[in-house]
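Please open the model in your viewer and keep the selection tool at hand, as this tour goes from one selection to the next.

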Amino acid sequence: MTEPDLSELTAVVVRQPKRSWWRRYRGPELTVSTVEGTPLAEVTNTDDTDFLLAHVSGEFIVRVKKHAGFTSMGPVRFHLIDAEDHEVGRVRPSRLVKTRQLGFRTERSRPLFLTRLAHLAIEWQLTETDPLRTPEPESLGRVTVSTVDRWLGLQQYVVETTPRLDTSERQTFIAMVICLHLLRRPPGDSSAPV
């Protein structure tokens, strides 16, 4: 049985793996699987600024580098780097509330916005135009977040896309969700998600 191709699927699940409250966790930061639970990829980190998305076979997909401003309150940017060490895009929060909207420009200069329309909403919409400025933009995808372990606060993101995204844009969308998670739950932070 062959492993499903991550960029061909219209829905995947990005989640924090289960861990014990009592033991130090040494596994991946996040896992990516099919909706049915078949493992596809893992996100590992070397430090709090460098994250690697790779297939479970070990094949490199994209590196996410986090750049912060002078303080923790400063602007945060994420650079997406491909296997040839070329930057394929930048993800940045667009508003003061960092998890309200993420902006991105694809390799083909297509702008994408991942936006949560209300502060307590559990769903983010992926659109080509800013939904906060343009009424009723066409949705290219959706992210629904849930807490899978209330005691530890482990998060799960169901990522759904439409056929209007090509394979590289689907991988970029998954990388945007990784950035969203890193903004909501920075490594080493035990506070509640934003």
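A residue is called buried when its relative accessible area is under 20%, exposed when that area is over 50%, and partly exposed in between, using a 1.4 Å probe and counting protein chains only. This is a predicted model, in which local features need pLDDT of at least 70 and side-chain atom pairs count only at pLDDT 80 or more, while totals for chains, interfaces and linings use all residues. Residues are numbered from 1 along each chain as its sequence is written, and side-chain values use heavy atoms, with hydrogens and water left out.

Select tryptophan 21, which lies in the loop between strand E1 (11-15) and strand E2 (30-34); helices (H or I, at least four residues) and strands (E, at least two) are DSSP runs, numbered from the N terminus. Because its relative accessibility is 47%, tryptophan 21 counts as partly exposed.

Of the 194 residues of the chain, 44% count as buried.

Now select Leu53, Leu80 and Leu114, the residues with the most contacts inside the largest nonpolar core, which has 40 residues. Such a core is a set of buried Ala, Val, Leu, Ile, Met, Phe, Trp, Tyr and Cys residues joined through side-chain atoms within 4.5 Å. Helix H1 (residues 167-184) gives the most to this core, with 10 residues.

Finally, stay with leucine 80 and show its contacts (heavy atoms within 4.5 Å). Leaving aside neighbours within four places in sequence, the partners of leucine 80 include Val62, Val64, Phe104, Thr172, Ala175 and Cys179.
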